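Reader: I would like a close look at one part of this model, with cut-offs stated where terms are used.

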Amino acid sequence: MNSFGLRTGVHEKKKPCYNCLTLYVVIITKPNSADEVSDLNEPILKVEELRTYFDLTEGTVKAVDDVSFSLSENEVIGIVGETGSGKSVTAKSLVGLIAKPGRLAGGRVFFKTPEFPERQKDGFLDLAQLQGDEYTKIRGKHISIIFQDPMTSLDPLYTVADQMTETIMFHQKVNEKEALDIAVEMLDKVGFSNPRERVHQYPFELSGGQRQRVVIAIAISCNPEILIADEPTTALDVTVQAQILELMKDLQAEYRFDYAQARPNRFAGQLEAAPLVVVLDPDVAEIFTTPESVNTALRALISAMPQ
């Protein structure tokens, strides 16, 4: 195991398949003010020996098995791997979105948060010990996630305003009018024209790219400390993908997020500043932490592309 607790030597065990390679889960942290953080190298998220299993009739599927990593303020980590290697399950495990027959079979997810002070140890809360609705105090307010498919991320029976204001009112304790103003402001930030009118539309009245902008607006509306981007451009065409990626870069500058973009045809230069975890099966992974090693890993993945 390396310093992140992830097994190394992946290239000797299995070669990457470019055709099956899906990218990316990106986990982003945002720095607080200097008054709130004394040491920017101090982790705010520590994942230790995470295990997520699915109990099926045919047997138990170990989707995530013994994964460990940590995140500090103003840091980003990218997770890449083949389809089925456990990237999305890892992301969902952090925010309590594993439904039956799935379960957290072991491990710890320590998060530095003011919530549940009576259950903390050394200033960290173990998210793996939360049950049911307890996650709602963390999810959306402190840790947000942008899902893969904007078509299914929004409820077609409710307007954009309904879905945005519900989250804002729950976490920020504002009234409906104030929440609507925040929603309109967020839609404006993610590039909607006439946001005051568009906020009252239904998801089926929007294009795929517009729906994804709404999902991003919801994710950042409560100013979370950690933002998880689970392949946020997978379901979009190439042109819209580029627009969404440019939007993420703009939001990075405004909200001081570190952002990493990882697509097969845009590897070089995009993840050079970020730790990169390459996952080839649920319990075999290798992590690259320096710009040189990340660049080497990305070029190796590019070279796997069939000629």
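Reader: What is the order of the strands in the open sheet of four strands, and is the pairing parallel or antiparallel?

Author: The order is β3-β2-β5-β6, and the pairing is antiparallel. Strands here are DSSP runs of E, at least two residues, and helices are runs of H or I, at least four, numbered from the N terminus. The model is predicted, so local features need pLDDT of at least 70 and side-chain atom pairs 80 or more, while totals for chains, interfaces and linings use all residues. Numbering starts from 1 along each chain as its sequence is written, and side-chain values use heavy atoms, without hydrogens or water.

Now take the pairs (at least two DSSP bridges between two strands). Between β2 and β3 there are 11 bridges in the antiparallel sense. These two strands form a hairpin, and two residues lie between them. One of the bridges joins L56 to its partner G59 in β3. On the β5 side, strand β2 (residues 43-56) pairs with strand β5 (residues 102-112), again in the antiparallel sense, over eight bridges. There, E48 has R108 of β5 as its bridge partner.

A helix also belongs in this picture. α2 lies across β2, β3 and β5 (contact means heavy atoms within 4.5 Å). The direction of α2 is at about 115° to that of β2.

Over the chain, pLDDT averages 75, and 68% of the residues score at least 70.

Two stretches stay under 50. Over residues 33-38, where pLDDT is under 50, the model has two contacts beyond four places in sequence. Residues 258-273 also stay under 50, but for them the model has 48 such contacts.

Methods:
Axes fitted to C-alpha atoms, helices over the stretch in contact; angles between N-to-C directions. pLDDT = per-residue confidence, 0-100.
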